[in-house]
Amino acid sequence: MSSVCFLAGRTAALIPAAGSGTRLGRGPKAFVEVAGQSLLARSVAALVPWVDEVLVALPEGFPLPPGLPAQAILGGATRQESVWRLLHATTADVVLVHDAARPFLPGAVVTALLEAVSETGAATAALPVADTLVRGERGRWADLVPREDLWAVQTPQGFRRALLLRAHAAARAEGFGATDDAGLIARLGLPVRLVPGDARLFKVTTPGDLALAQAVAAVWDATCDAP
Ligand code: CTP
Ligand code: MG
């Protein structure tokens, strides 16, 4: 039995894609193409096989490109606001929140995440930190930071929708802002399962990341993970 069979109820993919892509400098990032396909199209295609519906939050003046199997809503001024709006645009029991800016999403990560969510209600893809970590002081090596038990958090992140709504509502009430959703659950003292992510799930943030994405796409598009 596939792991997704453990889940009762409907599942929605929520894709915040309403950012302006300031650091990349190529306009709204979701619409930037890598090897002929936009970051948004790649993220949607990676999630479609695993969910009942896909919702994307887009910037004002940027309609959903034709042919994408998703529904669009208007995003907010922050990622958190965009996800808040997406959460209200679905009635699904389980939601997978995934940055449009992470176009290479292996199916194995999605299935592992769905299984973890069915058990704990909240889980995120994350990678154990491989580099040596050091705290710097004015550009000088100060202290070594033990990297054991340190993980770099990625998306997708999966939740029972009611739980994530509660965490978002609490954050809004307290004026708390975060760059991801699992952090909003953790700050309530609730468990978040860490599921092994993938190096290819890096977020396209800077022009250097886009060059890396071009290289990954050449391999990705030639393998079975390709849409
Ligand atoms: N995002 C969003 N709504 C916002 C801001 C961000 O939906 N108001 C989305 C982005 O489209 C992206 C994800 O959140 O898919 C992660 O954000 P980030 O990498 O910071 O993208 P941008 O905000 O577009 O980039 P920058 O911060 O460089 O402007
Ligand atoms: Mg941003």
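Reader: At what angle do helix α2 and helix α4 pack?
Author: Quick background: this is a predicted model, where local features need pLDDT of at least 70, side-chain atom pairs count only at pLDDT 80 or more, and totals for chains, interfaces and linings use all residues. Residues are numbered from 1 along each chain as its sequence is written, chains are lettered from A and ligands numbered from 1 in the order in which they are written, and side-chain values use heavy atoms, with hydrogens and water left out.
Author: Now, α2 (residues 79-87) and α4 (residues 161-173) pack at about 135 degrees, and their axes are 11 Å apart. Helices here are DSSP runs of H or I with at least four residues, and strands are E runs of at least two, numbered from the N terminus. Axes are lines fitted to C-alpha atoms, for helices over the stretch in contact, with angles from 0 to 180 degrees between N-to-C directions.

Reader: Which residues of α2 make the contact?
Author: On the α2 side they are Q80, E81, V83, W84 and L87. Partners on α4 include L164, L165 and H168. Contact means heavy atoms within 4.5 Å.

Reader: New topic: is V97 buried or exposed?
Author: V97 is buried, at 0% relative accessible area. Buried is under 20%, exposed is over 50%, and partly exposed is in between (1.4 Å probe, protein chains only). V97 sits in strand β6.

Reader: And what is V97 in contact with?
Author: Leaving aside neighbours within four places in sequence, the list includes V83, L164 and D181. V83 and L164 also belong to the contact between α2 and α4.

Reader: How many aromatic pairs are there?
Author: Three. Rings of Phe, Tyr and Trp (its six-membered ring) pair if their centres lie within 6.5 Å; planes under 30 degrees apart are stacked, over 60 edge-to-face, and the rest tilted. F31 and F62 have ring centres 5.2 Å apart and planes at 35 degrees, so they are tilted. That pair links distant parts of the chain, 31 residues apart.

Reader: Are F31 and F62 buried or partly exposed?
Author: F31 is partly exposed at 24%, and F62 is partly exposed too, at 34%.

Reader: How far apart are the ring centres of F104 and F202?
Author: 6.4 Å, with planes at 40 degrees, so that pair is tilted. F104 is buried at 0%, and F202 is buried at 15%.
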